[in-house]
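Here are my notes for when you open this one up. Have the viewer ready and go through the points in order.

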Amino acid sequence: MHRSPDSSTPTFSRRSFLAGAATTVAGIAASASLAGCGAEGTPVAETGTDPATTGESVLLGDQLNPQAAVEGPSGDMSAIFSPLNIAHVTVKNRLGKSCAGSELQESTEWPDEKMLGFYEGFCEGGLGMIVYEQSLLFPPAASMDTSALPPMDGSMGDLPPMDGSMGDLPPMDGAMGDLPPMGDAGAEGSSSMEDVMPSGLSGFLSIYDDAGIPAHQEIADRIHRHDVVLIAQMLDVSTSTGAAASTVREEGSLEMAMVPPLMQTTEQVQAEQQAFIDAAERYKKAGWDGVELNASCNHYFSTFLSRYANTERTDQYSGESIENRARILTEIIEGIRERVGDDFIIQVLYSGIEGNVASLGDDTGCTSIEEAIEFAKLFERAGASSLHVRSQLYGHHNGGFQPDVLHYHEHGDTGYGTVIDYDRHFGGVIDGSHDGAGALIEVAARIKEAVSIPVGTVGYMDPRAEPDLMNRAIADGKIDFMLMTRPLIADAAIAQKLEEGRRDEVAPCTRCMTCFVAPFSFGTPSYCRVNAAHTRAFTEEMPEGYTPVPASDPRSIMVIGGGPAGMEAARIAALRGHRVSLYEREDHLGGLTGLAAAVKGSHERIADHIAYLSRQLEVTGVDVHLSTEADVDLVVSCAPDIVVVACGGALDRNEPIGAAARLVTLADLQEAQLSGDEAVAELLAGERATVYGCEMEACNVAEYLVRAGRTVDIVSPSPAESLYQGAPTWPKLMGTTWLKTHGVRLHHQARNISVGEGDITFTDERGVAATVPFDVLVDARPPQSRPELLASIREAGFAAHAVGDAYAPGTIANAVARANIVARNIETLDGFGALQLEDDQYGATATGIGEVTVVLTVQDGVIAAADVDTSNETAGIGRELGSQFASQIVETGNVDAVSGATETSTAVAEALAGCKQQAGI
């Protein structure tokens, strides 16, 4: 007998079906409809009907920062696709990749194929310019004491607590770059740069001597094959060091971790300058088109430019004047220009405006737009070819270059319980009216007025999302070029598709922040919700790389379910040449995304994702059948070679928490959503609402209720660490504070729960009896898998695979990833193996960074054996942890948290609890 996990077992995983851009079900149905979905006809859903977009929100941020209507698109992208000259180098269009590290490089001697494949994909996709990630500018030193540094082996070591506090840790920005001086804090001249680099540093090529030139020549040759301009970012990633001997002020819990400050001597500053000049000359010899000096994001150069940190120096690099503050860069620019001539790009990345979000409004020492304009003039006079403008928001690591994250929970959310007023804060020059898109265009425009060299900017510059806004900014002369990374991760061919008028075929960046975990989850891979191949290409999961291999023996594939997982599986299988049909019981595609849209709001563009997948089904020739319930009889009648079960999870819990008249389950919400957003609002009516559960689904429901003006309590049997479990790093950290500062009362580790008609009684985490009244009680625990259909199809003799919630409830990113991988290998996979268990075996799946599965063999009430599959976890961490967890389980019956693998440890513990409950132990 084969037994799948008992459906009555509480689920022990999370999924992000409550995370998406708000739109009505009708809207999703329209955008997902396959009727008349030509290149001109398929809409790209942009807006929603949640209170935040209709003006009904009670949130201060939504009132202070009303959002502009999304324009067009008009179809005019002529300015974006016009050429640009920078330092006698012609860039074929105005689209470039910003330097956000891929962390794909492993060899220290030669560029890895997966790294080159990552960048060549952008080149083949029509991009004009690439700012390549940094190489080491300083040689390692064996004498350095590395005990205070994060581990270099990809393990996560002792991470900061996830409550937002960082402790006394070195910077962990996810891209190590050139490690900071670690001399005695406050001791001027305590160390030289040559003495501070650790030995054995892996994952970065070197450019600190001529031996690094051939490797960089290989990169230049590969990129230049595609007529793409290549420049290298150069930086010293040290935070609040170089210019100062002491920390000026606490920078906040969402900032990069502080390091012991070190004021360099004048001689050490000049030695560092020389290292940058020498490296730039080597890039020139290697055939690169230029370099970019990173002087933002509170890195080394930034500490000189900003009076925020440069308060103690008394030499020519002091903070006493604009010229002194800029001197460290102007002297480097002059030195590079003297070495390389006029036809080499020297681009300066710096902050056009600074502000303090940790203490909102206290901008003492922060660079003003007027000061930034003076810096621009000095950089140009020194020989800079172009400027890359962004902002620095002290207290928030990525708020200055990913401003859309400040709109995730409400427009202008700082993550500290305060709200930005974009008309008043930061000099009123940051645009907060487009949900973060194009936020720094006006900042760059002010700077461009003062110089004659090209000026570009970053900050959710997604030409798919806001094409008219960005095309007009270039056409009107406000900016000359735009830089991005996340939209490129979602679709490397975005430039080519947009130029060809195929905007509806561009895979959208949904701003979910799955890809960006720095600096709090060092070692965690950068996955993408939309593009499963990101960081998986050229690994054991996808050895073929980004492009799926055509099927040598095309098969007939039947996909059951039209949610994101089902559509992704169908898309990839059809792209490979299989004959694919998809069956969806509703009259529209999207699965639970209608509910997600109604509850979460409009920030995450999940309707765009559904519209893209729907268009892809048409492009790849998938035969779609709507309003068709697929059961075993239909499978038998269709007689496919292989079946993909993507029917979703069970929303009704088998262990209800009570029978109150106003108890609402996720299934109730889903049913109401089929009638429209108004039905959802009516179902959740009442002044006081209690949400049962604290994972991401529950927190999203709580946010919806807060936006609607309700008084909200969260009651959960889980510990506080489970709050927002399943959410990406930034939404989780900021969301935790957001709930608390918006008056949501959190009751964790609730026990002895009893539900009445209008209240819920329990023993709280302190062991004290508590009663919470409610007008409506929402059971928002994650859904459960539904293995019955998969089992019945297999029993009928068909090879079948489950994906999405039918396999194991998890995030949309995980569901899409599994669907993509299954479809890439579908004709070679054993369609009868997943989670099939013997009589004495019990299995459960949970979601950490990726999916983990625990299978126990229980004999006479004792765990005799354990198997823990962490293969979808962090490369270099998760795949090697399975045996360690299995040994713990057999030896102790439990698992202990593994240092540096907190999310994985938690997921294994949750799956183990599910197995033990099934086994009755």
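Before we start, contact here means heavy atoms within 4.5 Å.

1. Ground rules. This is a predicted model, where local features need pLDDT of at least 70, side-chain atom pairs count only at pLDDT 80 or more, and totals for chains, interfaces and linings use all residues. Residues are numbered from 1 along each chain as its sequence is written, and side-chain values use heavy atoms, with hydrogens and water left out.

2. The overall picture. The protein chain has 25 helices and 26 strands, taken as DSSP runs numbered from the N terminus (helices are H or I with at least four residues, strands are E with at least two). Of its 921 residues, 65% count as buried. For burial, read under 20% relative accessible area as buried, over 50% as exposed, and anything in between as partly exposed (1.4 Å probe, protein chains only). Looking at contacts in the protein chain with a separation of 6 or more, 74% come from residues 24 or more positions apart.

3. Y460. You'll find Y460 in the loop between β9 (455-457) and α11 (467-475). With a relative accessible area of 3%, Y460 is buried. Leaving aside residues up to four places away in sequence, Y460 touches F401, P403, D404, G436, A437, G438, A465, M470, R486, C509, R511 and R605. The side chain of Y460 also reaches the backbone oxygen of C509 at 3.4 Å. That is a polar contact, meaning a pair of N or O atoms within 3.5 Å; within protein, one must be able to donate a hydrogen and the other to accept it, and residues adjacent in sequence count only if both atoms are side-chain atoms.

4. D404 sits in the loop between β8 and α10. Is D404 buried or exposed? It's buried, at 0% relative accessibility. Not counting residues up to four places away in sequence, D404 touches D435, G436, Y460, R486, R511 and H603.

5. T485. This residue lies in the loop between β10 (481-484) and α12 (486-490), and T485 counts as buried at 10% relative accessibility. Which residues does T485 touch, not counting those up to four places away in sequence? They are K97, S98 and A100. The side chain of T485 makes polar contacts with the side chain of S98 at 2.8 Å and with the side chain of K97 at 3.3 Å.

6. D210 and R282. D210 belongs to the loop between β4 (129-132) and α5 (213-224), and D210 is partly exposed at 46% relative accessibility. D210 and R282 are 72 residues apart along the chain, yet their C-alpha atoms are separated by 6.8 Å. Their side chains are joined by a polar contact of 3.1 Å.

7. Two backbone angles to look at. Most residues other than glycine have a negative phi. F426 isn't a glycine, but its phi is positive, near 55°. F426 is in the loop between β8 (386-394) and α10 (441-448), and F426 is buried at 2% relative accessibility. S627 has a positive phi of about 55° as well, and S627 is found in the loop between β13 (623-625) and α17 (632-638).

8. Helices α14 and α23. The axes of α14 (residues 564-575) and α23 (residues 812-824) come within 8 Å and cross at roughly 30°. Axes are lines fitted to C-alpha atoms, for helices over the stretch in contact, with angles running from 0 to 180 degrees between N-to-C directions. So α14 and α23 are roughly parallel (under 35 degrees; over 145 is roughly antiparallel, 65 to 115 roughly perpendicular, the rest oblique). The residues that meet include A565, I572 and A573 in α14 and A815, V816 and A819 in α23.

9. Helices α15 and α18. Here the axes of α15 (residues 593-600) and α18 (residues 666-673) come within 9 Å and cross at roughly 95°, which makes α15 roughly perpendicular to α18. G594, L595 and A598 of α15 make the contact with L666, L669, Q670 and Q673 of α18.
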